[in-house]
Amino acid sequence: MNKTSLNRRRLVQAVPALALGSLAPMAWAQGAWPNRPLRVIVPQPPGGGFDFVARALGDRLGKQIGQSVVVENRPGSGTLVGTDAAAKAEPDGYTLLMGSVSNIALNMGLYDKLSYDSLRDFEPVGLAVSYSYTLMARKDLPFNSLKDVVAYAKANPGQLTYASAGNGSGQHVLAAALWHLAGANITHVPYRGAQAAYQDLLGGRVDLFFDLSSTARVQVNAGTVKPLAVSGPERNPMHPDVPTILESGVAPLDLESWFGYFVPSKTPADVQERLRSELAKVIAQPELQENFRKAGGKPLALSTEQTRALVRRDVERWTKLVRDIGIKAD
């Protein structure tokens with residue numbers, strides 16, 4: 001064998017070894033997940049429901065996996081800015097999204113050209129808690145049930161008003177869906193945030209307002225508003241005497257706003273499974289569940305398939321309903 005042939009043979013033999021050598025660090029890095037801090041993108045400012053749940057889960061998940069979990073608040077355009085950033089993040093298991101009915105389900109119907117597709121671009125890691133909404137009336141409104149409100153609204157179109165925290169907010173979408181399905185014409189009065197809506201509700205300048213039950217209970221317990229219905233499929237333990245929308249018989253509607261972690265859909269399957277396993281241990285902690293209950297939430301314990309089914313159901317149901325009604329975000 002001449003020298004040229006010998007060198008060529010040695011090169012051919014070396015290529016597989018070089019290829020394996022180059023893959024080894026990559027395989028090690030993937031197998032060593034997590035080897036650096038994780039971040040959770042929260043598409044809302046600090047202090048709200050998104051932020052509360054994200055931090056409660058993140059603190060405990062960090063201890064569980066031996067790496068810090070950093071909450072990164074990315075508000076803007078409702079929940080669009082942060083959710084879009086998560087959808088475009090490197091799918092390596094180090095970026096998670098705090099997802100809820102708002103940014104995962106409602107946005108799909110509120111925007112004609114959304115920069116992400118919830119079912120295509122995200123995979124749920126786990127849902128930890130859900131919150132119902134409470135429909136409140138101003139204290140002196142002369143009706144004591146949702147059925148009475150709907151009957152009056154049908155007979156007097158546009159005379160009653162309902163507040164929201166802004167066009168496209170959860171309070172707006174839920175109320176608009178209820179009046180649409182009940183066949184009632186009630187005038188929408190959007191505010192810039194829930195605080196301004198409460199001021200006018202308590203001042204008697206607006207008739208009705210849907211808000212998360214955990215926030216509404218302060219006014220309900222103080223007797224400053226009249227609770228008419230809750231949006232969950234069952235009664236809320238905080239308001240055991242308040243019937244559900246379903247019980248009222250005015251519309252086939254229920255909604256609970258769930259919260260949990262999501263990752264970009266192209267995140268490696270083994271990393272997703274590890275995340276699901278570790279987060280499930282966190283969600284099952286009795287102390288965390290008690291914290292959620294005290295804050296007015298309902299702890300969830302769902303399998304991966306149940307989680308996917310719930311997310312898909314709400315995305316498909318609310319996308320269609322929002323588009324049928326014609327609700328648009330600002």
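A salt bridge is taken here as a side-chain nitrogen of Lys or Arg lying within 4 Å of a carboxyl oxygen of Asp or Glu. The structure is a predicted model, in which local features need pLDDT of at least 70 and side-chain atom pairs count only at pLDDT 80 or more, whereas totals for chains, interfaces and linings use all residues. Residues are numbered from 1 along each chain as its sequence is written, and side-chain values use heavy atoms, with hydrogens and water left out.

By this criterion the structure contains 26 salt bridges, and a network of them links Glu 123, Glu 273, Arg 276, Glu 305 and Arg 308.

Among the salt bridges is that of Glu 72 with Arg 39, whose closest N and O atoms are 3.1 Å apart. This pair links distant parts of the chain, with Glu 72 in strand 2 (residues 69-73) and Arg 39 in strand 1 (residues 38-42), 33 residues apart; helices (H or I, at least four residues) and strands (E, at least two) are DSSP runs numbered from the N terminus. Glu 72 has a relative accessible area of 24% and is partly exposed, as is Arg 39 at 27%, where buried means under 20%, exposed over 50%, and partly exposed in between (1.4 Å probe, protein chains only).

A salt bridge also joins Asp 254 to Arg 317, with the closest N and O atoms 3.7 Å apart. Asp 254 lies in the loop between helix 10 and strand 9 (256-264) and Arg 317 in helix 13 (residues 304-325), so the pair ties together parts 63 residues apart in sequence. Asp 254 counts as buried at 15% relative accessibility, whereas Arg 317, at 28%, counts as partly exposed.
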